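Student: Could you go through this structure with me? I'd like to start with how the chains meet.

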Amino acid sequence: MDSVRKTQMTIIRIIIPLIGVISLLSIFLLENPKAFILGLLFGTGISLLNFFELANTLRRAVQMPPSKAQTFTTTKYFLRYVITGVVIYISIIAPYINVLGTIVGLMTIKLIILATNLFNDKKYFQNIFRRKEDESNGD
Amino acid sequence: METITGRALILACSAIGAGLAMIAGIGPGIGQGYAAGKGAEGVGRQPEAQGDIVRTMLLGAAVAETTGIYGLVIALILLFANPLVGML
């Protein structure tokens, strides 16, 4: 299995329990949890599909000449953007889907990427307080 | 001369605000395209590193993409579920 596929699987493995936890919390905290959970599933599903589409786009783009890759990736980005727009529009219009749930679902993927690739590294937090002047002096 | 009602003014200003919020969607598109172009150059120079290049680019592009979605959410809420109209 290549590293891209492995990353995708890691994200799926984390996103499913996270959605479960958020759904459970919504059952206890919200008045109408069904609409929120429906929105959450809707948003998460679409964001995962967008993520897979992004991976396919980038896999194809790196095989192209740079200028063509740039145009291709930008075009595909706007296609995904329109799809996301339609999803948010539907969740605003439909009374049985909570728009906040959809937005949370669309954003979870960013949270997971940051949590698994940036905030899990202790050096990231240490580097925030490290002065660059000290490094150049060899201290 | 017709007077402009408060509701009409809010709706007009919301439409302008929605248009301005959509500008946020352009940046990630340009950024992703630029990154993909540089990634293609990198793969051309070092084909064996393709997996790592695509993986790093994928994570960066996915994070950048959600930033564009913020603007989209604001624009669509201003247009179709405007909370300001109810405050009149």
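This is a predicted model: local features need pLDDT of at least 70, side-chain atom pairs count only at pLDDT 80 or more; totals for chains, interfaces and linings use all residues.

Student: How much do chain A and chain B bury between them?

Tutor: Chain A and chain B bury about 3,200 Å² between them, and 76% of that lies on carbon and sulfur atoms. On the chain A side, Val62(A), Tyr77(A) and Tyr81(A) lose the most area to chain B, together accounting for 20% of what that side buries.

Student: And how many residues does the contact take from each chain?

Tutor: There are 36 residues from chain A and 37 residues from chain B.

Student: What about salt bridges, how many between chain A and chain B?

Tutor: The count is 1 salt bridge, in which the side chains of Glu65(B) and Arg80(A) meet at 2.8 Å, N to O. Polar contacts across the interface come to 9 residue pairs, with both residues at pLDDT 80 or more.

Student: Which element gives the most to chain A's side?

Tutor: That is H3(A), with 14 residues. By class, the side of chain A that touches chain B has 23 nonpolar, 10 polar and 3 charged residues.

Student: Switching to the cores, which residues have the most contacts inside the largest one?

Tutor: The largest nonpolar core has 30 residues, and those with the most contacts inside it include Phe51(A), Leu58(A) and Leu58(B). H2(A) gives the most to this core, with 8 residues.

Student: What is Leu58(A) in contact with?

Tutor: Leaving aside neighbours within four places in sequence, Leu58(A) is in contact with Thr73(A) and, in chain B, with Ala36(B), Val54(B), Met57(B), Leu58(B) and Ala61(B). A second, separate core of 11 residues includes Leu106(A), Met107(A), Val73(B) and Leu76(B).

Note on methods. Residues are numbered from 1 along each chain as its sequence is written. Chains are lettered from A and ligands numbered from 1 in the order in which they are written. Side-chain values use heavy atoms; hydrogens and water are left out. Contact means heavy atoms within 4.5 Å. Buried area is the accessible area (1.4 Å probe) that two parts lose on being put together, summed over both. A salt bridge is a side-chain nitrogen of Lys or Arg within 4 Å of a carboxyl oxygen of Asp or Glu. A polar contact is a pair of N or O atoms within 3.5 Å; within protein, one must be able to donate a hydrogen and the other to accept it, and residues adjacent in sequence count only if both atoms are side-chain atoms. Helices (H or I, at least four residues) and strands (E, at least two) are DSSP runs, numbered from the N terminus. Ala, Val, Leu, Ile, Met, Phe, Trp, Tyr, Cys and Pro count as nonpolar, Asp, Glu, Lys and Arg as charged, and the others, Gly among them, as polar. A nonpolar core is a set of buried Ala, Val, Leu, Ile, Met, Phe, Trp, Tyr and Cys residues joined through side-chain atoms within 4.5 Å. Buried means under 20% relative accessible area, exposed over 50%, partly exposed in between (1.4 Å probe, protein chains only).
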